[in-house]
Amino acid sequence: MPRGKIVIIDYGVGNVHSVSCALSFLGYKNIVTRKHELIRGADALILPGVGAFEQAMVNLNIFGLLDILNEEVCAKRKPIMGICLGMQVLGNSSQESPGHQGLGWIDFDVVGIPRSLQLKIPHVGWNTVQVDDHRSLFAGLEEEPHFYFDHSYYADCADDCVAARCDYGFRMPAVVVKGNITGVQFHPEKSQRNGLKLFRNYFNYLGV
Amino acid sequence: MLKRRLIATLIVREGIVVQSINFCRYLPVGKPAIAMEFLNSWGIDEIILVDITASKDRSRKRFEFIEHFSRRCFVPLTVGGGINSVEDIRALLNFGADKIAVNSHCLTSPGFIAEAAHVFGSQCIVVSIDVAGSSPSDYRVYNAAQGDITDMDPVAWAKTVETQGAGEIYLTSVAKDGSKSGFDLALIDLVARSVKIPVIASGGAGNPAHILDVFTKTNASAVSAANFFHFSEHSVITTKSFLRINKIDVRLNTYADYEQACLGDDFRLRKQPDSYLQNLLFEKIEKEVI
């Protein structure tokens with residue numbers, strides 16, 4: 001039985017209920033909170049996110065989460081998974097909100113999906129993912145598994161941190177990994193069994 | 001590549017799912033949570049829940065059932081009906097909605113879409129456009145909350161909501177709603193060609209061929225059906241299998257995919273030959289454990 005404590009960080013711009021339901025369905029104990037002592041006591045953190053980059057960073061600041069997250073994730077190397085917007089804030093900055101800095105844990109900038117491709121924006125729906133690295137995250141899934149995406153901006157990240165990509169007129173990062181920090185552009189909590197399996201693989205790997 | 005989506009719409013009235021016919025007649029179907037669970041297990045791509053009583057009930061309590069409903073919903077859930085403020089949206093997102101469908105309120109408060117998109121991002125805001133009329137000359141936006149036809153042109157309105165920051169358009173033909181006679185392809189094509197954001201086509205699905213028509217003849221990103229999915233077994237899987245056979249790129253990820261099975265003229269599964277069924281007796285199917 002899994003017994004680690006997973007904290008889903010509630011900073012006002014996440015679909016925290018959906019993430020919490022998916023983890024509970026898999027049998028993981030999880031708490032949705034922004035309380036510092038609970039974040040300190042967690043074995044793994046999830047940073048969900050639906051919304052705008054500016055609002056996300058402003059809220060992290062207002063709730064005093066920047067320092068504690070830097071301490072837990074960078075100094076103590078606690079595992080964290082950023083989902084969608086939660087992945088984008090792992091980078092340095094975003095075209096969506098110029099002038100607002102991201103967490104800067106992984107070296108990338110968030111840029112808009114090029115309009116010149118004449119494709120519908122946002123990139124919304126089920127797309128296949130091609131896995132480059134960290135295959136254990138995708139164990140038990142088909143060769144090119146489907147996941148649900150919903151975003152207008154993407155992480156323009158150097159190859160060495162990209163674990164998987166998707167194709168929407170061009171190849172963009174779908175999963176980025178750097179040490180204890182993981183970011184997924186799609187929504188595992190909304191990708192039916194593929195998403196649930198990804199969560200299971202991730203927490204099995206962490207051993208929580 | 002990105003797949004085209006098949007979306008189930010659940011029309012909820014006073015806590016139960018209903019079948020809607022032309023926005024005025026309603027037949028009961030069943031409990032929302034049960035409808036959601038079978039759609040989820042049949043591999044639906046998304047669910048849109050529209051609470052048509054919500055616009056008459058002003059308290060935020062009306063959203064509470066969403067929390068229970070969404071608990072086992074592992075596909076994206078869009079909730080619509082009676083949303084008037086940023087606080088309503090925040091409440092719904094906390095109850096487990098992933099996207100919000102707004103309709104009547106943005107017809108009367110033009111700044112609302114921009115305000116909501118600024119806080120929650122465009123990808124969270126779906127704007128529903130109901131259209132009355134059945135030919136390009138008489139298409140007009142319909143205001144369902146007040147029950148009257150406005151003098152707005154749907155194409156112009158679609159472009160307006162796009163510039164204000166809508167992430168998707170959920171386009172329903174009122175005349176086709178519940179008719180089972182096929183979609184209004186001219187309307188869908190007209191709107192989908194005029195905007196850069198994805199368009200979800202709704203109103204008129206009677207069989208999988210109608211859905212195929214939308215995908216082959218228009219640029220719509222998704223098709224939604226409500227009544228059509230409730231009344232035949234494995235409707236989502238048989239529809240997707242039919243679309244796949246006709247070269248439409250959809251996600252078919254369920255254990256049973258019916259790619260080998262044949263569909264009758266009524267688009268229901270034909271009985272397999274006896275020898276095939278005999279062999280099934282000896283096939284062991286492990287229950288998938290995630």
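Guide: Let us take chain A. Buried residues make up 55% of its 208 residues. A residue counts as buried if 20 or more other C-beta atoms lie within 10 Å of its own, as exposed if 12 or fewer do, and as partly exposed in between; the C-beta atoms are placed from the backbone. This is a predicted model, where local features need pLDDT of at least 70, side-chain atom pairs count only at pLDDT 80 or more, and totals for chains, interfaces and linings use all residues. Residues are numbered from 1 along each chain as its sequence is written, while chains are lettered from A and ligands numbered from 1 in the order in which they are written.

Start with the overall form. The C-alpha trace of chain A spans about 45 × 40 × 30 Å along its principal axes.

Now the elements. Chain A has 6 helices and 12 strands. These are DSSP runs, numbered from the N terminus: helices are H or I with at least four residues, strands are E with at least two.

Next, the sheet. In chain A, 9 strands form an open sheet with mixed pairing, in the order β2-β1-β3-β4-β12-β11-β10-β7-β8. The edges are β2 and β8 (146-151) of chain A; each has a single partner strand, so one side of each is left without a neighbour in the sheet. From one strand to the next, the twist averages 30°. Two strands pair if DSSP finds at least two bridges between them.

Strand β1 (residues 6-9) of chain A pairs in the parallel sense with strand β2 (residues 30-33) of chain A over 4 bridges. Strand β3 (residues 44-47) of chain A also runs parallel to β1(A), joined by 3 bridges. Val7(A) stands opposite Ile31(A) in β2(A). In β3(A), the bridge partner of Val7(A) is Leu45(A).

β1(A), helix α1 (residues 16-25) of chain A and β2(A) make a right-handed β-α-β unit. Right-handed means that, with the strands pointing away from the viewer, the path from the first strand over the helix to the second runs clockwise. α1(A) lies across β1, β2, β3 and β4 (80-83) of chain A, at about 170° to β2(A). Axes are lines fitted to C-alpha atoms, for helices over the stretch in contact, and angles run from 0 to 180 degrees between N-to-C directions.

Last, the side facing chain B. The contact takes 33 residues from chain A and 33 residues from chain B. Residues are in contact if their C-beta atoms, placed from the backbone, lie within 7 Å. On the side of chain A that touches chain B, α1, β7 (123-131), β8 and α6 (192-206) of chain A each supply at least two residues. α6(A) gives the largest share, 6 residues.

Gln192(A) lies in helix α6 of chain A. Gln192(A) touches Phe74(B), Val75(B) and Asn253(B), not counting residues up to four places away in sequence. Gln192(A) is buried, with 24 other C-beta atoms within 10 Å.

Note on methods
Contact = placed C-beta atoms within 7 Å.
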